[in-house]
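Biologist: Please show the sequence and the model, and let us then examine them through questions and answers.

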Amino acid sequence: MLLLRRRELCVCELMFVLEMEQSRVSHHMRVLRDAGIAEDVREGRWIIYRVPEEARPLLEGLFTGALRERIEASGEAAEDGRRLEACVKEDLRGRVCEARAHEEGR
């Protein structure tokens with residue numbers, strides 16, 4: 001959710017940043033979508049995940065105080081942020097996702 005608060009992401013980007021398999025990312029995103037704190041939209045060949053506008057105030061309230069301090073102290077959020085920056089810099093969505101779509105004949 002911290003990543004999606006920063007920007008919308010496709011499955012390939014989430015897989016890269018979180019170092020998870022596609023099925024695991026999709027499962028977690030389905031749970032978050034069912035909870036109403038994430039949504040998916042189709043943009044051409046990609047399914048893009050993002051935080052719905054109506055869920056933003058709830059998430060802002062959740063990620064404050066002691067929870068925010070604990071997350072920041074863990075170091076995982078910082079590492080995820082670095083991986084997200086690398087993902088964007090490398091244009092993973094355009095490079096990897098496009099190649100996968102081409103291989104699958106889409």
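Biologist: Which helices each supply at least two residues of the lining of the largest pocket?

Modeller: This is a predicted model, in which local features need pLDDT of at least 70 and side-chain atom pairs count only at pLDDT 80 or more, while totals for chains, interfaces and linings use all residues. Residues are numbered from 1 along each chain as its sequence is written, and side-chain values use heavy atoms, without hydrogens or water. A pocket is an open set of points on a 1 Å grid over the protein atoms alone where a 1.4 Å probe fits, with protein on both sides within 12 Å along at least five of seven lines, and lining residues have an atom within 4 Å of a point. With helices (H or I, at least four residues) and strands (E, at least two) taken as DSSP runs numbered from the N terminus, the helices that each supply at least two lining residues are H1, H2, H3, H5 and H6.

Biologist: Which helix gives the most to this lining?

Modeller: The largest pocket has a volume of about 680 Å³, a volume being the space filled by probe spheres set on grid points joined across faces, edges and corners. Of its 25 lining residues, the closest to the centre are Met1, Leu2, Leu3, Ala77 and Asp80. The most, six residues, come from H6.

Biologist: How many residues of the lining of the largest pocket are charged?

Modeller: Ala, Val, Leu, Ile, Met, Phe, Trp, Tyr, Cys and Pro count as nonpolar, Asp, Glu, Lys and Arg as charged, and the others, Gly among them, as polar. The lining holds 15 nonpolar and three polar residues, and the number of charged ones is seven.

Biologist: Why does valine 11 count as buried?

Modeller: Valine 11 is found in helix H2 (residues 11-18). Beyond residues up to four places away in sequence, valine 11 touches Gln22, Val25, Ile47 and Tyr49, where contact means heavy atoms within 4.5 Å. Valine 11 counts as buried because its relative accessibility is 15%.

Biologist: How many residues of helix H5 are buried?

Modeller: Helix H5 (residues 65-74) is hardly covered. Just after H5, glycine 75 takes a positive phi of about 85°. Among the ten residues of H5, the count of buried ones is zero.

Biologist: How many residues apart in sequence are the parts that arginine 5 and glutamate 60 tie together?

Modeller: Arginine 5 and glutamate 60 form a salt bridge (3.0 Å, N to O), that is, a side-chain nitrogen of Lys or Arg within 4 Å of a carboxyl oxygen of Asp or Glu. Arginine 5 lies in helix H1 and glutamate 60 in helix H4 (residues 56-62), so the separation in sequence of the parts they tie together is 55 residues.

Biologist: Are arginine 93 and glutamate 13 buried or exposed?

Modeller: Arginine 93 and glutamate 13 form a salt bridge, with their closest N and O atoms 2.9 Å apart. This pair links distant parts of the chain, 80 residues apart, with arginine 93 in helix H7 (residues 92-103) and glutamate 13 in helix H2. Arginine 93 is also in contact with leucine 9. Both arginine 93 and glutamate 13 are buried.

Biologist: In which helix do arginine 82 and glutamate 79 both lie?

Modeller: Arginine 82 forms a salt bridge with glutamate 79, the closest N and O atoms being 3.0 Å apart. Arginine 82 is partly exposed at 48% relative accessible area, and glutamate 79 is partly exposed at 35%. The two residues are three apart, about one turn, in helix H6.

Biologist: What share of the residues of the protein chain count as buried?

Modeller: The protein chain contains seven helices and three strands, in the order α-β-α-α-β-β-α-α-α-α. Of its contacts between residues at least 6 apart in sequence, 64% join residues at least 24 apart. Among its 106 residues, the buried share is 30%.

Technical notes: Buried < 20%, exposed > 50% of the residue type's maximum accessible area, 1.4 Å probe, protein only.
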